[in-house]
Amino acid sequence: MKRLSTIVILLCSALIAGAQPDTLRVLAVGNSFSRDAVEQNLHELGAADGLVIIVGNMYIPGCSLERHYSNAVDNVPDYEYCKISADGRRTVRPRTELAYALADEPWDFVTFQQVSHDSGRYETFVPYLPYLLDFARKIVPEKTKFCWHQTWAYDSDIVRDTFVIYDRDQTKMYNDIAEASRKVCDRYGLKLIPAGTAIQNLRKTVFGRNSITRDGYHMNNTLGRYAVACTWYEALAGRSVEGNDYAVPFMYDAQIPAAQKCAHLAVVRPFEVTNPGMDNPPANYDVAKIPSYTLPDPLTFANGKKVRNARQWMKRRRSELLSAFETEMYGRAPGRPEKLHFRLLRENKDAFGGLAVAKEVGIYFSDDESQYIRLLVLTPRDANGPVPAFLGVNFQGNHAITTDEWVSMIGPDEYSRYGRYTEYPRGNNARRWPIELILSRGYGVATFYRGDIDPDWDDSFTNGVHKLFYKKGQSYPEPDEWGTIAAWAWGLSRALDYLENDPDVDGSKVAVIGHSRLGKAALWAGATDQRFAMVVSNCSGCGGAAISRRAFGETVRTINNQFPHWFCGNFYKYSDNEAALPFDQHELLALIAPRPLCVASATEDLWADPEGQKIAAEEAVKVYRFLGYEGMVQYHTREGGHDIVAYDWNYYLDFADQKLSHFSVTK
Ligand code: GCU
């Protein structure tokens with residue numbers, strides 16, 4: 001009998017425990033860095049693990065310990081108090097005092113931190129921190145444990161002055177932060193939340209290599225914020241975050257275990273960087289190891305029926321294929337914005353030593369002109385009328401494509417619209433843009449900087465054009481909506497919208513050109529916008545002209561790992577799963593038909609799979625032929641590495657002489 005009642009009591013207490021999950025109450029006294037850490041994901045990580053986490057964040061932008069201290073002394077209601085309750089609801093209480101928030105819940109943990117740029121300078125913590133600890137101790141219950149939020153180091157390419165404290169060196173900044181956090185925890189008996197170490201670990205992985213911040217300082221809304229929340233979770237809940245199955249919306253699946261592992265390693269070794277060994281798998285360069293594959297037939301409909309004639313291709317199959325590429329790979333982009341408008345910003349009728357008419361044109365997408373393309377248009381000065389032209393995005397800014405002093409430099413005032421910007425010297429990329437050659441052959445050149453449309457790192461689409469087109473309440477592209485490559489392609493179409501109106505350019509004879517990632521964009525622009533009269537893909541490789549199924553050099557997995565912002569979310573499911581793709585890249589090339597198309601590789605550029613690009617071009621020719629066109633696809637290989645040089649341009653100019661001049665796009 002005794003035994004039975006013991007079992008009953010045990011059962012009842014188990015039931016009660018089951019009905020009332022553990023609750024953790026966490027208050028952060030911080031700024032935008034604590035906002036990155038706790039206002040999303042932390043509650044959800046708990047929920048996925050049977051733990052209720054009530055979160056508070058006391059937020060003032062850029063708030064230092066000194067300011068928290070004087071706010072406490074004077075009871076200043078300067079905080080925005082964000083609270084996430086037990087049921088996950090988020091409320092924001094403006095004009096709140098520290099004392100209010102400290103008394104608002106029986107907090108298990110209250111965390112402090114220093115403003116990010118001083119977070120590696122212990123000498124700035126005192127006397128403010130000890131005062132704040134005394135102040136809080138009088139308000140919170142005895143059980144409350146005080147913690148230190150170790151913030152993270154900046155990206156190395158940011159321009160902010162305060163980075164000078166650390167010689168503009170990320171490693172130095174991290175080491176100083178780690179050391180200061182060790183000291184402060186030892187001295188005041190604080191529990192450490194080693195977010196800075198977790199982020200530094202993540203930067204050692206392929207997922208963190210191309211930045212996990214949105215502006216060089218703050219975590220991006222996906223991987224960065226998630227990794228920080230994982231660190232908070234493991235440090236405070238005392239449970240391993242590895243294997244937690246909270247699925248962060250819009251995050252690339254492969255990033256989740258990486259963030260968890262980096263957080264876990266940081267909690268285990270909080271003051272040193274641990275390389276979690278999560279790099280891309282080694283690339284295959286062995287022809288014998290190319291998987292056997294069957295290329296989908298562009299001339300067969302998805303339902304298995306054959307395309308019978310050119311009309312069926314142009315009217316039905318082409319759009320079927322285009323929409324598959326759109327929803328599964330590049331993402332759907334908006335059309336031409338209603339409020340699109342242009343302004344001639346500068347003009348020089350005697351530029352480039354008398355060779356060119358040069359213009360800088362602003363292309364604006366809405367009444368808000370803060371986001372715009374600065375298009376550089378150069379046409380031969382001695383032209384008798386509108387000329388055919390090459391249009392392409394550039395990597396480093398318009399000023400980098402030429403040494404000509406007339407072209408505007410991207411100045412510090414403009415950095416803010418890119419979030420951050422690496423300064424490239426004037427003419428740094430001129431080798432790739434043989435302007436004199438192009439002009440002397442009777443062609444114009446138009447180009448803009450990639451950051452004008454979307455800065456090229458995974459900032460969760462906070463910079464760039466995406467946000468201009470969100471529906472109400474939307475904060476991230478849907479899985480079938482445009483990534484960065486589709487955005488660049490969209491920008492190329494907007495530039496063409498302008499060129500059609502430029503009196504010096506023949507808008508019906510514009511060739512879209514691009515190298516590498518910008519070659520991927522040129523191909524997608526050519527596929528989606530049939531106004532482009534010719535398309536040039538130079539070393540565009542994976543996600544461009546190279547056959548994905550060959551998995552030679554760069555693969556779908558490696559490109560998604562390293563550049564999760566390039567394609568749409570749906571493309572993630574094809575990592576290591578190329579056979580499931582409903583298309584392959586020869587069909588992207590076929591979408592250009594019957595317009596002239598150049599595809600080029602370089603012998604040493606194995607990462608971009610020269611052979612795979614050649615096969616794609618050859619396969620696309622079959623569609624051109626089906627449509628009754630011969631000789632419209634040109635393929636060349638250059639000796640050497642991943643680049644675009646005058647040698648390549650000569651091929652494109654020759655082909656344009658032959659084809660572009662005779663091939664007009666019918667509007
Ligand atoms: C990386 C990337 C390629 C890309 C290239 C570039 O190597 O893996 O896909 O084409 O950068 O743009 O130069």
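Val393, Asn394, Phe395, Asn429, Arg432, Trp433, Ile513, Gly514, His515, Leu518, Ile644 and Trp649 line the largest cavity. Lining residues have an atom within 4 Å of a grid point. A cavity here is a set of points, on a 1 Å grid over the protein atoms alone, where a 1.4 Å probe fits but cannot get out. The largest cavity holds about 100 Å³ of space. Its volume is the space filled by probe spheres set on the points, which are joined across faces, edges and corners. The structure has five cavities of 30 Å³ or more.

This is a predicted model, in which local features need pLDDT of at least 70 and side-chain atom pairs count only at pLDDT 80 or more, while totals for chains, interfaces and linings use all residues. Residues are numbered from 1 along each chain as its sequence is written, and side-chain values use heavy atoms, with hydrogens and water left out.

Now the overall layout. The protein is divided into domain 1 (21-268) and domain 2 (322-662), with bounds from an automatic or database domain assignment. Their C-alpha centres lie 40 Å apart. Across the boundary, 21 residues of domain 1 are in contact with 23 residues of domain 2 (heavy atoms within 4.5 Å).

Where does the largest pocket lie? Both domains give residues to its lining, so the pocket lies between them. A pocket is an open set of points with protein on both sides within 12 Å along at least five of seven lines. This one has a volume of about 430 Å³. It is lined by 21 residues, and Asp157, Asn210, Arg420, Asp456 and Trp457 are the closest to its centre. The lining has eight charged, seven polar and six nonpolar residues. Asp, Glu, Lys and Arg count as charged; Ala, Val, Leu, Ile, Met, Phe, Trp, Tyr, Cys and Pro as nonpolar; the others, Gly among them, as polar.

Turn to the ligand. Around it stand Phe395, Ser516, Arg517, Lys520, Glu554, Ile559, Phe563, Trp566, Trp607 and His642, each with a heavy atom within 4 Å. By class, this shell has five nonpolar, three charged and two polar residues. An oxygen atom of the ligand is 2.5 Å from a side-chain N or O atom of Ser516. The figure for Arg517 is 2.5 Å, and for Glu554 it is 2.5 Å. The protein covers 83% of the 320 Å² of accessible area that the ligand has on its own (Shrake-Rupley method, 1.4 Å probe).

Technical notes
Polar contact = N/O pair within 3.5 Å; in protein donor to acceptor, adjacent residues only side chain to side chain.
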